[in-house]
Amino acid sequence: MNNSEDRTFMGHPRGLLTLSMTEFWERFSYYGMRAILIYYMYYSVEKGGLGFDQPTALSIMSIYGSLVYLSATIGGFISDRLLGSRRTVFWGGVLIMLGHIVLSLPIGSIGLFGSIVLIVLGTGLLKPNVSEMVGSLYSEEDLRRDSGFSIFVMGINFGSLIAPIFVPWMADKVNFHAGFSLAAIGMFIGLIFYVVDGRKYINPVDNTAPDPLNPEDVRPLVTRIVSAVVVVGVILAIMAAFKALTIANVISLITVIAIGLPVWYFILMIRSKKVTKTERSRVIAYIPLFLAAMIFWAIEEQGSVVLALFAAQQTKLDFGFFKILPGNFQTLNPLFILLYGPLFAWLWMKLGKRQPTSPKKFYLGLIFAGASYLWMVIPVMLFGSSAKVSPLWLVMSWAIVEIGEMLISPVGLSVTTKLAPKAYSSQMMSMWFLADASAQAVNAQIVRFYTPSHEVAYFASVGLVSVAFAIILAFYTPRIEKLMQGVN
């Protein structure tokens with residue numbers, strides 16, 4: 001792209017605004033729903049909830065998040081081989097909107113699981129391809145790329161900021177289903193903006209699939225899909241025959257898939273004949289960054305699970321003249337991103353080629369992530385697990401972890417597009433979201449150990465794992481930088 005012609009939005013291509021606003025409304029819908037979903041699952045039926053026990057609700061919440069990001073592989077494939085990014089994003093938005101509509105209906109657990117299917121598939125189509133489209137706005141040598149992704153992340157977090165204010169309020173004043181209906185409206189608005197504005201400002205390259213599916217590839221693809229469905233069906237049938245078809249066991253099955261899929265993807269790309277020697281080296285360099293991202297997201301994503309319970313059960317919420325709703329704490333994640341975003345965007349632009357390499361940013365981010373959980377050890381040790389503590393403890397925990405997110409999330413999005421083999425551009429972006437999927441799948445297993453009697457051990461062990469891996473990553477950073485073959 002010609003730099004003299006595309007500096008129309010904060011010094012960046014105008015399409016950055018189009019894609020940021022699309023994600024703004026998608027995040028409004030998703031995080032608005034997430035702000036109240038955990039409470040909807042474990043609140044009693046008398047309080048408008050589904051009455052699930054808390055360990056089950058925690059695991060479902062985590063595996064739901066895992067499935068959302070796991071489905072990104074589907075979106076990457078459909079974009080690369082069939083529809084192109086632009087149409088894939090549109091149909092993803094439609095499915096997401098339908099999912100929120102189903103959840104807004106008072107049909108109990110059927111509505112919950114039906115909405116999960118629709119939103120999981122829709123987000124898989126939309127999310128990785130929007131980010132890949134942002135990458136396509138810049139050339140590989142364009143130093144604005146990291147800054148552009150920082151602005152992108154900052155912009156879409158406005159939606160995440162607003163949603164946990166209005167959706168929990170609606171759920172509190174009316175009911176949960178009224179709150180979920182706001183999420184559906186948000187996605188509908190996002191679709192309108194994407195269709196109208198996208199005609200002018202989205203890069204034309206995103207209208208077509210970069211690696212179209214050849215006729216001879218159709219039969220093997222159909223065979224693999226049918227085989228996968230049959231295998232899953234047989235496993236579920238066996239589980240049912242042995243009376244083991246429970247929510248917990250299904251979650252464990254998904255956990256195995258979520259961890260195994262990125263392993264398979266790395267092997268596929270490394271062995272592919274479509275990948276050059278330089279691209280293969282870059283994929284290998286991406287593996288430790290992927291593992292670092294997994295650990296980071298395992299901590300960050302527990303904000304809507306473990307910390308959501310802490311907010312509802314162990315935090316003082318009523319201050320007489322005003323009352324905080326537990327779901328309101330989900331605004332802290334986007335709030336700190338918005339506060340930190342301009343600083344980091346300016347910092348990377350100011351430093352230019354002198355800024356730390358991506359691996360260095362990653363291990364620094366892991367240190368902050370671990371520190372945010374080590375911080376939560378303090379109030380439990382000081383006051384015990386039965387006391388109501390100041391909300392400032394949670395505020396500080398989020399303030400710390402979001403420094404880590406600014407070092408990892410936008411940088412990870414950017415480095416993924418730069419390390420991606422040409423033939424796997426969207427699917428490589430799917431790998432970035434698979435890090436989150438694998439992290440939340442692991443969370444689905446470990447959050448069951450989060451109980452008042454184990455809080456100190458839980459926060460301490462998770463935090464120390466993050467810091468330990470940061471030290472290992474720092475040690476191997478020179479080797480990783482060499483494998484990146486000139487990508488910084």
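Modeller: One term to begin with: buried means under 20% relative accessible area, exposed over 50%, and partly exposed in between, with a 1.4 Å probe and protein chains only. By that rule, aspartate 217 is partly exposed because its relative accessibility is 26%.

Colleague: What kind of model is it?

Modeller: This is a predicted model, where local features need pLDDT of at least 70, side-chain atom pairs count only at pLDDT 80 or more, and totals for chains, interfaces and linings use all residues. Residues are numbered from 1 along each chain as its sequence is written, and side-chain values use heavy atoms, with hydrogens and water left out.

Colleague: Back to aspartate 217. Which residue does it form a salt bridge with?

Modeller: Arginine 81, with the closest N and O atoms 3.3 Å apart. Aspartate 217 sits in helix H9 and arginine 81 in helix H4 (residues 72-83), so the pair links distant parts of the chain, 136 residues apart. Helices here are DSSP runs (H or I, at least four residues), strands are E runs of at least two, and both are numbered from the N terminus. A salt bridge means a side-chain nitrogen of Lys or Arg within 4 Å of a carboxyl oxygen of Asp or Glu.

Colleague: Is arginine 81 buried or exposed?

Modeller: Buried, because its relative accessibility is 12%.

Colleague: How many salt bridges does the structure hold?

Modeller: It holds 5. Side chains of opposite charge can pair when their charged atoms come close. One of the bridges joins glutamate 301 and arginine 34, at 2.9 Å from N to O. Glutamate 301 lies in the loop between helix H11 (277-300) and helix H12 (306-313), and arginine 34 lies in helix H2 (residues 15-42), so this pair ties together parts that are 267 residues apart in sequence.

Colleague: And are those two buried or exposed?

Modeller: Glutamate 301 is buried, at 3% relative accessibility. Arginine 34 is buried too, at 5%.

Colleague: Which residue pairs with arginine 27?

Modeller: Glutamate 26, with 2.6 Å between the closest N and O atoms. Arginine 27 counts as buried because its relative accessibility is 3%. Glutamate 26 is buried at 0%.

Colleague: What lines the largest pocket?

Modeller: It has 44 lining residues, and the closest to its centre are Thr73, Ile74, Ala228, Ile257 and Leu261. Helix H3 (54-70), H4, helix H6 (108-135), H9 and helix H10 (247-271) each give two or more residues. H10 gives the most, with 11. By class, the lining has 33 nonpolar, 5 polar and 6 charged residues. Ala, Val, Leu, Ile, Met, Phe, Trp, Tyr, Cys and Pro count as nonpolar, Asp, Glu, Lys and Arg as charged, and the others, Gly among them, as polar.

Colleague: How many cavities are there of 30 Å³ or more?

Modeller: The count is 2. The largest cavity has a volume of about 410 Å³. It is lined by 28 residues, and Arg27, Tyr31, Tyr69, Trp297 and Glu405 lie nearest its centre. H7 supplies the largest share, 5 residues. The lining divides into 12 nonpolar, 8 polar and 8 charged residues.

Colleague: Now the outside. Which residues form the nonpolar patch on the surface?

Modeller: Val218, Val222, Val226, Val230, Val234, Ile238 and Phe242, with about 630 Å² of accessible area together. Patch residues have over 30% relative accessible area and no salt bridge; like charges are joined within 9 Å, and nonpolar side chains (Val, Leu, Ile, Met, Phe, Trp, Tyr) within 5 Å. Areas come from the Shrake-Rupley method with a 1.4 Å probe, and for residues only the protein chains shown count as cover. Valine 218 is in helix H9 (residues 215-241). It counts as partly exposed, at 37% relative accessibility.

Colleague: What about the phi of lysine 243?

Modeller: It is positive, about 55°, although lysine 243 is not a glycine. Most residues other than glycine have a negative phi. Lysine 243 is in the loop between H9 and H10, and it is exposed, at 78% relative accessible area.

Conventions. On a 1 Å grid over the protein atoms alone, a cavity is a set of points where a 1.4 Å probe fits but cannot get out, and a pocket is an open set with protein on both sides within 12 Å along at least five of seven lines; lining residues have an atom within 4 Å of a point. Grid points are joined across faces, edges and corners, and a volume is the space filled by probe spheres set on the points.
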